Amino acid sequence: MEKFTTLTGVAAPMPIINIDTDMIIPKQYLKTIKRTGLGTALFSEMRYNEDGSENPDFVLNKPAYRNAQIIIAGDNFGCGSSREHAPWALLDFGIRCVISTSFADIFYNNCFKNGILPLVVSPEQLKLLLDDAERGANATLTVDLEAQTIKGPDGGTLHFDIDPTRKQILLEGLDDIAGTLKADPAISSFESKIAAERPWL
């Protein structure tokens with residue numbers, strides 16, 4: 001999994017409440033078990049017209065936001081079903097960070113498992129970030145995970161909280177298996193001790 005340390009990128013404003021996983025990646029794209037190739041289907045029902053052409057009014061189709069790496073979203077982002085394809089699609093499009101006032105628990109956990117940073121901020125902070133994101137090509141934010149800061153285009157800085165364990169997982173780029181293997185010496189030591197103390201097990 002790719003490490004997340006500092007990200008500087010364009011932030012796309014998406015002030016929609018209750019963006020669910022079916023909006024992020026509709027059910028017809030769930031047949032694959034590959035983590036790649038889903039970026040073109042991200043937000044497809046909002047992003048494309050019925051004839052397959054792009055909807056010019058959708059934020060990620062606008063020239064300034066086509067290469068966005070950050071989404072500034074409304075409350076309760078990622079609600080709905082527990083499909084892990086949702087963070088896969090975001091990551092394949094190029095999104096490494098989603099900022100909202102709240103996330104659905106399963107989606108939130110899946111983001112960390114896939115190298116995406118989901119940041120929870122206050123409503124007041126979200127309003128400031130949405131204002132920054134409305135600047136189009138100038139809507140560049142810098143997210144520093146180590147320092148736990150978000151720096152806006154004018155240099156203003158917001159601080160965010162994050163669980164220390166989750167923070168370390170992203171900083172080191174560890175998925176669940178890699179995280180477990182990191183503890184292999186302690187696990188092996190424990191197993192050897194138990195085997196010696198209780199050979200009948």
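Just after helix H6, Gly173 takes a positive phi of about 70°. The model is predicted: local features need pLDDT of at least 70, side-chain atom pairs count only at pLDDT 80 or more, and totals for chains, interfaces and linings use all residues. Residues are numbered from 1 along each chain as its sequence is written, and side-chain values use heavy atoms, with hydrogens and water left out.

**Overall**

The chain has eight helices and seven strands. Helices (H or I, at least four residues) and strands (E, at least two) are DSSP runs, numbered from the N terminus. The C-alpha trace spans about 70 × 40 × 25 Å along its principal axes. Of the 201 residues, 43% are buried, meaning under 20% relative accessible area (1.4 Å probe, protein chains only). Contact means heavy atoms within 4.5 Å. Among contacts between residues at least 6 apart in sequence, 66% join residues at least 24 apart.

**Helix H6 and its partner**

At the start of H6, a side-chain oxygen of Asp163 comes to within 3.1 Å of the backbone nitrogen of Thr165. Lys167, Leu170 and Leu171 are buried in H6. Seen down the helix axis, the buried residues of H6 fall within an arc of 100°, so they line one face. The arc is taken over the directions from the helix axis to the C-beta atoms. H4 and strand E4 (117-120) are among the elements covering these buried residues.

H4 and H6 pack at an angle of about 35°, with axes 9 Å apart. Axes are lines fitted to C-alpha atoms, for helices over the stretch in contact, and angles run from 0 to 180 degrees between N-to-C directions.

| Helix | Residues | Residues in the H4–H6 contact |
|---|---|---|
| H4 | 105-113 | Tyr108, Asn109, Phe112 |
| H6 | 164-172 | Arg166, Ile169, Leu170 |

By class, this contact has four nonpolar, one polar and one charged residues.

**Thr101**

Thr101 is in the loop between strand E3 (97-100) and H4. Thr101 counts as buried because its relative accessibility is 16%. Its side chain makes a polar contact with the side chain of Asp75 (2.2 Å). Leaving aside neighbours within four places in sequence, Thr101 is in contact with Asp75, Val120, Val121, Ser122, Pro123 and Leu126.

**Core**

The largest nonpolar core has 57 residues. Phe43, Leu60, Ile72, Phe77, Leu90, Leu117 and Ile150 have the most contacts inside this core. Not counting residues up to four places away in sequence, Phe43 touches Met14, Ile19, Met23, Ile24, Phe58, Leu60, Ile71, Phe77 and Leu90.

**Remaining terms**

A polar contact is a pair of N or O atoms within 3.5 Å; within protein, one must be able to donate a hydrogen and the other to accept it, and residues adjacent in sequence count only if both atoms are side-chain atoms. A nonpolar core is a set of buried Ala, Val, Leu, Ile, Met, Phe, Trp, Tyr and Cys residues joined through side-chain atoms within 4.5 Å.

Conventions: Ala, Val, Leu, Ile, Met, Phe, Trp, Tyr, Cys and Pro count as nonpolar, Asp, Glu, Lys and Arg as charged, and the others, Gly among them, as polar. Buried means under 20% relative accessible area, exposed over 50%, partly exposed in between (1.4 Å probe, protein chains only).
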